[in-house]
Amino acid sequence: MESAVFGLIGVVIGSLLTIAKEWWFQQRRAKKDATYLSIKVSCELLKFAGSCANVAGDSGEEDGNGCCIPRTSTPSFKPEMFDVEWKALPDRLMFEILDLPFKIEQADETISGVYEYVAGPPDYSEWYEERQLQYATLGLFALNVAAQLRSYVGLTFASDDNCYPRGYLEQKKALIEKKRAQLIETDC
């Protein structure tokens, strides 16, 4: 009888050790998945923000007909192209990343509306201003999400708050918003 009890205790302890080992390896793998995802996606978000800064600085150039055309194309962000384990992220952070293409689509629709109903040739200045504002906003959003990603896995850098596009995008956005606020005040 004693040997049966010891055998049963051995089986229980062995099972518990196996479960603990599997849990430990799963946690370790989840952390590696989250770290890889954070590095890969935050690098792409930084590239996207840099491209947004290019758009925010684009006031166009004159074509052969005397009309203003853009010098830079608008960037895209396609999270479905990344081979990463999205479930390794908290829900809110995962949503912000996966929702970025929709935010880009909304910005493009707003910009198109300004082009169609507000801006006019030859310089289309209202269109360029709206394009600059929308992409400055998108670039800042991407930088914030990239910082959250890196922070989630403990990869913060001293330069995060002072990276090149952040200051430029903040300045560009503030300048446009100030100009619009002044226009509203003068109209009232």
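Modeller: Of the 188 residues in the protein chain, 34% are buried. The model is a predicted one, and the mean pLDDT of the chain is 88, with 88% of its residues reaching 70 or more. Confidence is lowest in helix 1, at a mean of 80, and highest in helix 3, at 97. Where pLDDT is low, the predicted coordinates should not be read in detail.

The protein chain contains five helices and two strands, and along the sequence they follow the pattern α-β-β-α-α-α-α. Residues 24 or more positions apart make up 72% of the contacts with a separation of 6 or more. The accessible surface of the chain is about 12,000 Å², and carbon and sulfur atoms hold 57% of that area.

Helix 3 covers residues 100–117. Its length can be checked: at 1.5 Å a residue, its 18 residues should span 26 Å, and its end C-alpha atoms are 26 Å apart, which agrees. The buried residues of this helix are L100, I104, A107, I111 and V114. Seen down the axis of helix 3, they fall within an arc of 85°, so they line one face of the helix. An α-helix has 3.6 residues a turn, so residues three or four places apart point the same way. On the face of helix 3 turned away from the buried side are the exposed residues E109, E116 and Y117.

One is F77, which lies in the loop between strand 2 (68–69) and helix 2. F77 is buried, with a relative accessible area of 5%, which places it under the 20% limit for a buried residue. Leaving aside neighbours within four places in sequence, F77 is in contact with L100, P101 and I104, and also with V41, E44, L45, F48, F82 and I97. The C-alpha atoms of F77 and F48 are separated by 6.9 Å, although these residues are 29 apart along the chain.

The other is E130, in helix 4 (residues 125–152). E130 is also buried, with a relative accessible area of 7%. Not counting residues up to four places away in sequence, E130 touches T110, I111 and V114, as well as R180. I111 and V114 are among the buried residues of helix 3.

Helix 2 (91–98) has the buried residues L93, M94, E96 and I97. They cover an arc of only 160° around the axis, which puts them on the same side of helix 2. The opposite face of helix 2, turned away from its buried side, carries the exposed residues D91, R92 and F95. I97, from the buried set of helix 2, is one of the residues that F77 touches.

These surroundings can be set beside the largest nonpolar core, which has 36 residues; V41, L45, F77 and W86 have the most contacts inside it. Helix 1 (2–56), helix 2, helix 3 and helix 4 each supply at least two residues of this core. Helix 4 gives the most, with eleven residues.

Technical notes: Residues are numbered from 1 along each chain as its sequence is written. This is a predicted model: local features need pLDDT of at least 70, side-chain atom pairs count only at pLDDT 80 or more; totals for chains, interfaces and linings use all residues. Side-chain values use heavy atoms; hydrogens and water are left out. Helices (H or I, at least four residues) and strands (E, at least two) are DSSP runs, numbered from the N terminus. Buried means under 20% relative accessible area, exposed over 50%, partly exposed in between (1.4 Å probe, protein chains only). Contact means heavy atoms within 4.5 Å. A nonpolar core is a set of buried Ala, Val, Leu, Ile, Met, Phe, Trp, Tyr and Cys residues joined through side-chain atoms within 4.5 Å. pLDDT is the predictor's confidence in each residue, from 0 to 100. The expected span of a helix is 1.5 Å times one less than its number of residues. The arc is that of the directions from the helix axis to the C-beta atoms. Accessible areas come from the Shrake-Rupley method with a 1.4 Å probe; for residues, only the protein chains shown count as cover.
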